[in-house]
Amino acid sequence: MMGMPTVQVIGIEKRFMRTRALDGLTFDAGAGITGLLGPNGAGKTTLLRMMATVLAPDVGELRLLGWDPRKADERLAIRRRLGYMPQEPGFHRSFTAFEFVDYIAILKEMVDRRARHDEVRRVLSLLGLEAVRDRKIKALSGGMRRRVALGQALLGDPDLLVLDEPTAGLDPEQRLRFREIVSERSADRTVILSTHQTEDVAALCPRVVVMDEGRTLFDGTPRELADVARGRVWLAGERAANAHLSWRTGEGMHRNIGDAPAGAELVQPTVEDGYLLLVGHRAFEDEAA
Amino acid sequence: MLVGARTATLERRLVAIPTTDGRPRPRVMMALARIETRKLVLHPTFLAGLSLFLLVMRVLIGNWGSNSTAISVGGVAVGLLAGTLLAANACALRARRDRMGELFGSLPAQPETRTGAILLAVLAGPVFLGVLLAVIAYPVMRAGADLRPYISVALVVQFPLTVAAFGALGVALARWVPHPAAAPVWLVAQVMTGITWVVPWIAPKQSGIRMRWHFAYLLSEIAFCASLALARDRRRPALVAAAGITLALTVTSALFQVPPGGLR
């Protein structure tokens with residue numbers, strides 16, 4: 001555990017008609033970056049929406065920064081210390097990047113014009129967007145828009161940063177810059193990061209939670225997640241019959257994950273191997289469905 | 001994959017955003033209103049309406065006929081009024097159109113802060129332009145001898161008030177009928193159904209309109225649309241009461257502004 005928990009999720013359930021999005025989920029998180037991994041439909045976005053106070057659980061308790069988001073005054077206190085980047089952030093396309101972030105800054109109650117503009121310039125500069133700050137959002141590339149969305153979340157240096165797939169659509173350089181920015185802020189802040197990028201989790205997160213079907217499948221460090229696959233990843237000239245998952249690598253060898261046969265050429269497992277071993281079967285089930 | 005897509009779709013439909021309590025902070029609303037004013041007066045439909053207004057005025061001056069005076073004097077502003085209604089409506093629909101609900105729901109400012117800011121923009125932007133244009137138009141129209149009898153302070157004051165009424169109507173429509181077609185349909189219905197005198201309009205004295213009732217009508221219409229728009233975000237008893245009272249005033253003054261025997 002990394003210090004006092006600033007996020008406490010206790011037995012949360014959420015249904016959308018017949019679909020159970022969260023099924024008694026429990027975990028907590030303190031200062032630092034907590035990575036959420038899981039296949040589509042695992043409930044990550046639902047959980048993050050709850051942490052962003054835009055969705056209420058049906059059952060269970062949620063405490064954010066020590067407050068209860070069900071109570072209106074405490075919800076307001078949370079929102080004043082929250083930075084949220086939704087999975088599909090909307091944009092006012094006719095606004096420039098500066099105008100958009102400025103608009104959000106006003107909605108974050110930054111009313112002093114000079115200080116607000118300084119803060120907007122700071123986050124745009126942080127994300128390398130100074131050159132395009134006066135360009136309309138509709139004219140920006142997908143990666144630049146993601147950075148604008150991240151910029152609004154960073155306004156005011158929030159105590160709780162909730163990021164839903166922030167690196168989707170970013171090129172490798174931008175992803176590295178993102179890692180740099182987020183890791184700098186994680187020393188005494190709580191960052192909840194949902195992603196499909198296991199490399200981001202391995203590179204950034206001291207802790208990772210793997211979710212599936214609204215439940216926690218794994219909760220530990222990235223190294224522990226990789227260790228789930230220890231002794232179960234091997235290279236072979238062809239796809240092994242007893243492998244759960246197998247793919248041909250760039251070197252022409254097959255990387256197999258599953259129950260390794262005797263004498264197999266075992267390799268060091270990665271976070272991705274551990275993750276795939278936990279939830280990889282879902283890809284085939286969903287395809288079959 | 002399919003399960004994920006289905007869940008995402010369901011969530012989009014079912015997200016219920018709990019709002020925060022407390023009243024909107026005036027300084028937040030004023031700061032937003034500055035941006036909204038700029039967006040409103042630079043909106044293409046507002047600029048198109050303004051251009052049409054200037055064009056109609058230019059054409060009318062020098063080609064003034066004594067017939068259909070009432071329609072012509074009021075009709076000068078058709079473009080400006082339509083442009084204001086459509087631009088205000090588009091600005092108020094922006095958050096919905098751009099799917100900003102989720103992000104806005106996580107921010108401390110209440111939804112009525114944004115609605116209030118657009119209403120302030122409706123008062124500030126077009127009204128300022130309305131006043132400016134009226135100031136420019138007044139001496140121009142006075143220069144035309146045929147027009148002189150129709151010019152009055154009452155007529156000039158009606159310009160910004162009617163512009164504001166149309167703008168507030170656009171915002172209220174966006175909050176209650178959040179569809180991009182609603183405002184154009186309303187506008188066409190207003191022009192085509194012959195109910196011109198029970199909607200905000202600019203009426204010269206010669207039309208026989210009872211001017212005090214007409215001003216009361218314009219002001220209560222603005223107040224009604226504003227309270228109606230704000231009540232959509234949160235139904236505070238005070239706002240609902242204000243909407244009820246101003247509706248009664250609007251209907252009463254709409255009826256009393258027309259003299260017995262109708263308008264000329």
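A:Asp157 is partly exposed in this predicted model, because 13 other C-beta atoms lie within 10 Å of its own. The backbone angle phi of A:Asp157 is near 50 degrees, a positive value in a residue other than glycine. Most residues other than glycine have a negative phi.

A:Glu109 is partly exposed because 19 other C-beta atoms lie within 10 Å. A further positive phi, near 65 degrees, belongs to A:Thr53, which follows helix α1 of chain A.

That helix, α1(A), covers residues 44-51 and is mostly covered, with 8 of its 8 residues buried. They are A:Lys44, A:Thr45, A:Thr46, A:Leu47, A:Leu48, A:Arg49, A:Met50 and A:Met51.

On the scale of the whole chain, the domain assignment of chain A gives three parts: domain 1 (1-81 + 159-220), domain 2 (89-157) and domain 3 (226-288). Taken over C-alpha atoms, the centres of domain 2 and domain 3 of chain A are 42 Å apart.

Next comes a sheet in chain A. Strand β10 (residues 233-236) of chain A is joined to β13(A) by 2 bridges, and the two run antiparallel. β10(A) also pairs with strand β12 (residues 254-258) of chain A, in the antiparallel sense and over 4 bridges.

Single residues show how this pairing works out. A:Trp234 stands opposite A:Leu266 in β13(A), and its bridge partner in β12(A) is A:Asn256. For A:Leu235, the bridge partner in β13(A) is A:Glu265.

Chain B has another make-up: its secondary structure comes to 11 helices and 0 strands. Read along the sequence, chain B therefore follows the pattern α-α-α-α-α-α-α-α-α-α-α. Of its 264 residues, 44% count as buried. Among the contacts in chain B with a separation of 6 or more, 85% are between residues 24 or more positions apart.

One helix of chain B can be followed in detail. Helix α11 (residues 237-256) of chain B has 20 residues and reaches 29 Å from its first C-alpha to its last, close to the 28 Å expected at 1.5 Å a residue. Which residues of α11(B) are buried? They are B:Ala243, B:Thr246, B:Thr250, B:Ser253 and B:Ala254. These residues cover an arc of only 110 degrees around the axis, so they lie on the same side of α11(B). The buried residues of α11(B) pack against α10 (211-233) of chain B. The face of α11(B) turned away from its buried side carries the exposed residues B:Pro237, B:Ala241, B:Ala248 and B:Leu255.

Elsewhere in chain B, B:Gly101 is placed in helix α6 (residues 101-105). B:Gly101 counts as partly exposed because it has 17 C-beta neighbours inside 10 Å. From C-alpha to C-alpha, B:Gly101 and B:Pro111 are 9.5 Å apart in space, and they are 10 residues apart in sequence.

In soluble globular proteins, nonpolar side chains tend to be buried together. The largest nonpolar core here has 143 residues, of which A:Val101, A:Val162, B:Ala168, B:Val171 and B:Cys225 touch the most other members. Helix α8 (residues 153-176) of chain B gives the most to this core, with 13 residues. Leaving out residues up to four places away in sequence, A:Val101 touches A:Val120, A:Val123, A:Leu124, A:Val148, A:Gly151, A:Gln152 and A:Leu155.

Definitions and conventions: Residues numbered from 1 in each chain as written. Chains lettered and ligands numbered in written order. Predicted model: local features only at pLDDT ≥ 70, side-chain atom pairs only at ≥ 80, totals over all residues. Pairing = 2+ DSSP bridges. Buried ≥ 20, exposed ≤ 12 C-beta atoms within 10 Å, placed from the backbone. Contact = placed C-beta atoms within 7 Å. Core = buried A, V, L, I, M, F, W, Y, C linked by C-beta atoms within 7 Å. Expected span 1.5 Å × (residues − 1). Arc of directions from axis to C-beta. Domains from an automatic or database assignment.
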